[in-house]
Amino acid sequence: MSAPYAKLPAWADYGLIPLINVTVAFIVAGLVVLLIGENPFRAAVILVDGALGRGQAIAYTLYYATSFIFTGLAVAVAFHCSLFNIGGEGQAYVGGLGVGLVCLAFDSVLPWWLTFPLAIIGAAAFGAAWAFIPAYLQARRGSHIVITTIMFNFIAASLMVYLLVNVLKPAASQAPQTRTFLEGGRLPKLNFLLDAVGLSVRSSPFNLSFLLALLAAFLVWVLIWRTRLGYEIRMRGHSPKAARYAGVSETRIIIITMLISGALAGMMALNPVMGDQNRLQIDFVTGAGFVGIAVALMGRSHPAGIVPASILFGILYQGGAELAFEMPGISRDMIVIIQGLVILFAGALENLFRPSLQALFAGIRPAPVGIEAKQGERV
Amino acid sequence: MGNAAIELIGIDKSFGSGHANRNISLKIPAGTIHGIIGENGAGKSTLMSILYGFYQADRGRVCVRGEKAKIETPSDAIALGIGMVHQHFMLVHNFTVLENIILGVEGHSLLGSSISKARSELQRLERDYGLEVDPDAVVEDLPVGLQQRVEILKALYRGAEILILDEPTGVLTPAEADHLFRILRQLKEEGKTIVLITHKLREIMAVTDNVSVMRQGALVATLKTGETTVEELAELMVGRRVLLRVEKGPSAPGEVLLSVTNLSVKDSRGVTMVDDISFDLRAGEIVGIAGVAGNGQSELLETITGIRKAVSGTVTLDGRPIDLTGAADPSELRARGLAHVPEDRHHMGLVLPFDESENSILGYHRQPKYAKGLFLDMDAIRDDAVEKIGKYDIRPPDPRLRTANFSGGNQQKIVLAREMEQDPKVLIVGQPTRGVDVGAIEFIHKRLIEMRDRGKAVLLVSVELDEIRSLSDRILVMCGGRIVGERDATATEGELGLLMAGVDEKEAAE
């Protein structure tokens, strides 16, 4: 039997469908804005201008996007193995501990460019370690990874509060945070990149980890589509039975995938901890782990989709903050609603527009197939 | 013959670029059994789906009992007295027979009255058509033959006058199939019209009055069954002459390459699926394992190939034992010369969303020739795939096409090419031609004989008795997890059928 619909060309699959989904999400969000008595067009202008209008705004947008690229990649790698790692939040939080410990230990003795690789290792190792326990429970005991990873988010939060309040806080301080890192624990800013293209940036948290995020995106692409490990990850993701048949150990591949996923989530901590706040403080992840799920869904688990999706969410975060400031009727919660709508349309309702689009494409390009069969004579 | 129960006029249906039905006109006289045959993808199922309201035709009309009918949903079809028995049963497993039958036509939110009404109606149907089945049995406890009967009863309960059966015998033993045919004849005598979709030529000859042949979406002929032959139908289906019998010389068995001794296997629920099985497989022979699906053949294959753990017993491959505790890595066994064409092509033998070239290395992807260090050598993989595509005539010849977009026969060729081209010593093959069209079956059978003639040992598991009989040099029959008999290739179908049904060996000999 033939497939009921024509296959979409790749550009439509990866470009047009997400675009339609996002547009619909915005239209529905606009209706919500209308409902609370504000002008949705003015809100849209403020949001876009607040995120992209000035060099300063762009720098903030990219700063947020950096975090989302890491967490989005983390979710995507797990998706390829058919694992839903919902614990990016906790893995990033614990990854921050790795960054913090490295910076506290070496910031007075090493320059930043030597601390940085150590901090990357620290972030990745701590994030991976936090993902290891749910991975092991899934692989060996069959405990569902969605349940365990979300529980580990809460455990991570409690653990970090305990450590910050009781262990890492300087003796005289009232705030639950570590001391501020010295020069050796601070990443250089990338504001000069924006300055170079004529956008003036006074000060922003946009830092070197953005380039690391882009490199990570490229390496994830190589891993998934060009290495034997990635081939085995995708094999297990699409068909566990085929993986077993091919001699791929399910236990091994689940654990390895989750370690990589956790490491990527952990590396998100480099951006706020080492790149901006220069200290480890409570709740620095601020939901980036969950945004990563939306980013991975919208980017269709492909790095080339995750980077633009991350930037879109960066725009929402930065523009949303401006919007809440400019239009008092709209609180930050509005942004959460828009995010929710994007997740709804890009993820849960991903196939809402696909059938009609496929039918449309099928209508545009009817291709003849096969030979003409002769009609039987003896009917 | 009376009036036409169904008349299709100029039915045309396209899916995207695929033309599934081209201008089909067909008259099915009332009170007859009408066969529709064709290869996979010939458009049989699409045509029936249009008739049953799953799809809408792009052009053309459907007339039921001489009146133009508008069939937009299956409920429209049911209202017109059209019933369908699907290839994959649409039953709720943990419901009783009665509950399944009233599902969707309960009539009242309290079930009591409809159940008792259904019970008496069921008794009438039983009486009229010889369709006995315990109305209070839970469906999952029934053998497949009876489950199918429940499907037929479901359709009749809804007042079906026209019954469409889609590949009804795929899951039945020969005896069960015969019983089904008796029921169909009885239904015909009661004035029902039956449309039988199948790719098995023998069934067409056995039970139908008329037969329509489809090829590549077109209706190529409608013939009276009594006036045609199997050979003519096969030729019409494929569009060229087909060798229905496999030509092969005598076998020359050599040394034992695979030896199974006292093997027992349990499934995840702890039920014994393979029970103390022993046999040898020699170089240069094909040993066929016959049996109704679900009698332990799948578990036997998966254990020998290292996918499933054994409870006890030993298996030796080329003189060296296979670790049966589950530590046996299928890729290690591959390296030792054991190739495996699995029964479940869609979930085990292939990863359907993968490119063709990616599937052509599945399981062999760790071999140095496909890798550059940790990376896959994409050029080598593609060249390798292109070579296999040429050698096995895989169509379309595109290594970058998603495997899901190949037809069943070509998908199977992808698996066979991968497994055979590694030049294994032992080839384990499960259901090599399930869902594969006639042309590809001929090709696959030839390749299996070639393997044998090159001195390889082939273990063949199939639920198609014809296939077992025409390919095997020796036939083992499995029933209830045990080997209940061994025969040579001259065994008759009836003899094997009795063994498959679990009739005692001595009784079978009588």
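In chain B, 9 residues of domain 1 touch 11 residues of domain 2, where a contact means C-beta atoms, placed from the backbone, within 7 Å. This is a predicted model: local features need pLDDT of at least 70, side-chain atom pairs count only at pLDDT 80 or more, and totals for chains, interfaces and linings use all residues. Residues are numbered from 1 along each chain as its sequence is written, while chains are lettered from A and ligands numbered from 1 in the order in which they are written.

**Domains of chain B**
- Domain 1 covers 4-238 and domain 2 covers 256-353 + 411-509 of chain B, with bounds from an automatic or database domain assignment.
- Taken over C-alpha atoms, the centres of domain 1 and domain 2 of chain B sit 33 Å apart.
- On the side of domain 1 that touches domain 2, α6 (174-189) and α8 (230-238) of chain B each put in at least two residues; helices (H or I, at least four residues) and strands (E, at least two) are DSSP runs numbered from the N terminus.
- The largest share of that side of domain 1 of chain B, 3 residues, comes from α8(B).
- By class, that side of domain 1 of chain B has 6 nonpolar, 2 polar and 1 charged residues (nonpolar: Ala, Val, Leu, Ile, Met, Phe, Trp, Tyr, Cys and Pro; charged: Asp, Glu, Lys and Arg; polar: the others, Gly among them).

**A sheet in chain B**
- Here 4 strands make an open antiparallel sheet, ordered β12-β11-β14-β15 (chain B); strands pair if DSSP finds at least two bridges between them.
- At the edges are β12 (272-282) and β15 (320-321) of chain B, each pairing on one side only.
- Strands β11 (256-266) and β14 (312-317) of chain B run antiparallel and share 5 bridges.
- S259(B) faces T316(B) in β14(B).
- Helix α9 (297-304) of chain B lies across β11, β12 and β14 of chain B, at about 60 degrees to β12(B); axes are lines fitted to C-alpha atoms, for helices over the stretch in contact, with angles from 0 to 180 degrees between N-to-C directions.

**A helix pair in chain A**
- The axes of α9 (228-238) and α11 (250-267) of chain A come within 10 Å and cross at roughly 110 degrees.
- So α9(A) is roughly perpendicular to α11(A) (65 to 115 degrees; under 35 is roughly parallel, over 145 roughly antiparallel, the rest oblique).
- Making the contact are L229(A), E232(A), I233(A) and R236(A) from α9(A), plus E250(A), I253(A), I256(A) and T257(A) from α11(A).

**Confidence in chain A**
- Chain A averages a pLDDT of 88, and 92% of its residues score at least 70; pLDDT is the predictor's confidence in each residue, from 0 to 100.

Key: Contact = placed C-beta atoms within 7 Å.
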